[in-house]
Amino acid sequence: MNRNIIAKMINEKDSKSEEELLRSLQKKLEVAESAGNYKAQADYWKEQHQNLRKQCFRALSGKNGLKRLSEMLEEDIYPLTN
């Protein structure tokens, strides 16, 4: 593939050497990969948060809601504090 085309594809100057273009491409790929990892973690925690909200709403809307919510939180938090 032509060096000029590669430079345009990765948004770099076509005056750079092939080695510089490859280094730049490698850095961009590493950044994209780490961004993907952070997105996956964010999606996981967003899902956990939504599930916890649903559980809390269910607990509060039932009989003895605050007591049930307190028990749920105690079960989840107790292992973290010990």
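Here is a quick briefing on the chain shown above, from overall fold down to single contacts.

What you have is a predicted model, so local features need pLDDT of at least 70, side-chain atom pairs count only at pLDDT 80 or more, and totals for chains, interfaces and linings use all residues. Residues are numbered from 1 along each chain as its sequence is written, and side-chain values use heavy atoms, with hydrogens and water left out. The protein chain comes to three helices and zero strands, where helices (H or I, at least four residues) and strands (E, at least two) are DSSP runs numbered from the N terminus.

**Confidence**

- The mean pLDDT (the predictor's confidence in each residue, from 0 to 100) is 83 for the protein chain, and 91% of the residues score at least 70.
- Helix H2 (residues 18–61) has the highest confidence, at a mean of 88, while helix H3 (residues 65–81) has the lowest, at 73.
- Where pLDDT is low, the predicted coordinates should not be read in detail.

**Overall shape**

- Reading from the N terminus, the order of elements is α-α-α.
- The radius of gyration of the protein chain is 25 Å, whereas a compact globule of 82 residues would have one near 12 Å; the value is taken over C-alpha atoms, and the globule rule is 2.2 Å times the number of residues to the power 0.38.
- Along the principal axes, the C-alpha atoms of the protein chain fill a box of roughly 70 × 30 × 15 Å.
- Buried residues make up 11% of the 82 in the protein chain; buried means under 20% relative accessible area, exposed over 50%, and partly exposed in between (1.4 Å probe, protein chains only).
- Take the contacts (heavy atoms within 4.5 Å) between residues at least 6 apart in sequence: 0% of them join residues at least 24 apart.

**Helix H2**

- H2 has 44 residues and reaches 64 Å from its first C-alpha to its last, close to the 64 Å expected at 1.5 Å a residue. That expected span is 1.5 Å times one less than the number of residues.
- The buried residues of H2 are Leu 21, Ser 24, Cys 56 and Ala 59.
- Ser 24 counts as buried because its relative accessibility is 10%. Leaving out residues up to four places away in sequence, Ser 24 touches Ile 10 and Glu 12.

**Salt bridges**

- The structure holds four salt bridges, each one a side-chain nitrogen of Lys or Arg within 4 Å of a carboxyl oxygen of Asp or Glu.
- Glu 12, Lys 16 and Lys 28 are linked in a network of these salt bridges.
- In the Glu 12 to Lys 16 bridge, the closest N and O atoms are 2.7 Å apart. Glu 12 is partly exposed at 22% relative accessibility, and Lys 16 is partly exposed too, with a relative accessible area of 26%.
- Glu 12 also forms a salt bridge with Lys 28, with the closest N and O atoms 3.5 Å apart. This pair links distant parts of the chain: Glu 12 is in the loop between helix H1 (3–9) and H2, and Lys 28 is in helix H2, 16 residues apart. Lys 28 is partly exposed, at 36%.
- Glu 19 bridges to Arg 23 with the closest N and O atoms 2.8 Å apart. Both residues lie in helix H2, four residues apart, about one turn of the helix. Glu 19 is exposed, with a relative accessible area of 54%, and Arg 23 is partly exposed at 41%.

**Aromatic pair**

- There is one aromatic pair. The rings of Tyr 44 and Trp 45 have their centres 4.9 Å apart and their planes at 80°, so the pair is edge-to-face.
- The rule: rings of Phe, Tyr and Trp (its six-membered ring) pair if their centres lie within 6.5 Å; planes under 30 degrees apart count as stacked, over 60 as edge-to-face and the rest as tilted.
- Tyr 44 is partly exposed at 44% relative accessibility, and Trp 45 counts as exposed at 57%.

**Other residues to look at**

- Asn 11 has a positive phi of about 60° although it is not a glycine. Asn 11 sits in the loop between H1 and H2 and is exposed, with a relative accessible area of 66%.
- Arg 68 lies in helix H3 and is partly exposed at 38% relative accessibility.
- Apart from residues up to four places away in sequence, Arg 68 touches Arg 58, Ala 59, Gly 62 and Lys 63. The C-alpha atoms of Arg 68 and Arg 58, ten residues apart along the chain, are separated by 9.5 Å.
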